[in-house]
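Here is a protein model to explore by question and answer. Take a look at it before reading on.

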Amino acid sequence: MDVATQTRLADRIRALRAAGTTDLAARTYRVAADDYTSPTVLAAELDVVFARRPLLAGLSGDARRPGDWFTFEACGRSALVWRAPDGVLRAFVNACRHRGMRVAEGAGHAERMIVCPYHSWSYTPDGRLNAIPGDEGFSDLAREEIALTPLRVHEQAGLVFVGGDAADPSDPCEGAAAELAPFGLGAYQQVERRTHRLPLNWKLAVDSFMEAYHLHFLHKDTLRPIFHGNVSAFDAFGRHSRIVGVRRTFDTLAADSSELLPHVTLLYQLFPNAVLIYQQDHVELYQAFPDLTDPHTAEVRLTLYAPAAPTTDAERAYWKKNIDLIDGVTTSEDFAACAAIHANLRARAIPFLILGRNEPGVAHFHRMLHGVLGHAGG
């Protein structure tokens, strides 16, 4: 975030604080209970949203050097993301063209080839088939026709989006990159990832991050001493959006100062299923994925990134303490509340949820999702 943007946001927040209010949408927004519980809605999301749109797979630092690779799992599909010798990221369906085995798991480094663990078919960083043991058994195949299946990959401002329509030239960042670029996210290193399988719809996990209304109530013993409640600045970047959580130290910021970042937390909803949280010394990435058959279950991943990889025991202990604290609050407070909400929705206790005018980030997320799915909301 550049200085000019920080200055504008600081002025907006000062005005909101002086008026005792927050950014407000034009009207409230309703989300039907079926959006969270219907198998039909889930099937549409899996098909239209998760299978056809680019998803945030991670940060550039997940494959920092030529030869670095990582796999990205989303709703049963697996992608291999590999930084080629020329420094360009490439992505492929993570399936050997022989018998469909996943050619890689996790993350690693391979400058020349990756070898399938099933029958040792090997592939080069551009996806070409390199070698086949016992190739006489496949003498009637044209090798150029059995390369790894390419996927669209878009790298910008340290973000890596994978998938979607390969013929679609549009920018998956949709304008968010200009604000994110000054953060230097491309240099951040992954410290730890934790995965939770939770009894809630994936959208509730996203909802929980995109408003400050609940801070003083749900987090009265954890975040309330740190943050102002029910005050936030909201902006949209195409389908993406950002809210600004305001720390209490903001009130000590001089009237002519633009040093905003130490006094706020920035939460970016990167459509459809990711929330990237920029803190003072690290970044948290939450990714929520639906179950393939059950709208009542979600997988939520928390990944902590730091400006540099920890190299000492003291640094490793520092980051472990951080992720333990972050994970503890979100799991025991935010996601526990989401599970209770989902239980009511599943029991048909209420027909819809109401998103207040003071919750524009949540409403924007659902409005964009309704638009992609082609059905009405509000």
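Q: How many aromatic pairs does the structure hold?
A: The model is predicted. Ring centres must lie within 6.5 Å to pair. The number of such aromatic pairs here is ten.

Q: What is the geometry of the pair formed by tryptophan 121 and phenylalanine 138?
A: The two ring centres are 5.1 Å apart, and the planes make an angle of 90°. Planes over 60 degrees apart count as edge-to-face. The pair formed by tryptophan 121 and phenylalanine 138 is therefore edge-to-face.

Q: How many residues apart in sequence are the parts that this pair ties together?
A: Tryptophan 121 sits in the loop between strand 7 (114-115) and strand 8 (122-123). Phenylalanine 138 sits in the loop between strand 9 (129-131) and strand 10 (150-151). The pair therefore links parts whose separation in sequence is 17 residues.

Q: Is tryptophan 121 buried or exposed?
A: Buried means under 20% relative accessible area. Phenylalanine 138, at 25%, counts as partly exposed. Tryptophan 121 has 2%, so tryptophan 121 is buried.

Q: Why is strand 15 largely enclosed by the rest of the structure?
A: Side chains in a regular strand alternate between the two faces of the sheet. On one side of strand 15, His240, Arg242, Val244 and Val246 are buried. Strand 15 (residues 240-247) is largely enclosed because its buried residues number eight of eight.

Q: Which residue in the turn between strand 14 and strand 15 has a positive phi?
A: Strand 14 (residues 227-237) pairs with strand 15 in the antiparallel sense over seven bridges. Phenylalanine 237 has histidine 240 as its bridge partner in strand 15. The two strands form a hairpin with two residues between them. With a phi of about 65°, the turn residue is glycine 238.

Q: What is the bridge partner of isoleucine 243 in strand 16?
A: Strand 15 also pairs with strand 16 (residues 264-270). That pairing is antiparallel and runs over six bridges. In strand 16, isoleucine 243 is partnered by leucine 267.

Notes:
Residues are numbered from 1 along each chain as its sequence is written. This is a predicted model: local features need pLDDT of at least 70, side-chain atom pairs count only at pLDDT 80 or more; totals for chains, interfaces and linings use all residues. Side-chain values use heavy atoms; hydrogens and water are left out. Rings of Phe, Tyr and Trp (its six-membered ring) pair if their centres lie within 6.5 Å; planes under 30 degrees apart count as stacked, over 60 as edge-to-face and the rest as tilted. Helices (H or I, at least four residues) and strands (E, at least two) are DSSP runs, numbered from the N terminus. Buried means under 20% relative accessible area, exposed over 50%, partly exposed in between (1.4 Å probe, protein chains only). Two strands pair if DSSP finds at least two bridges between them.
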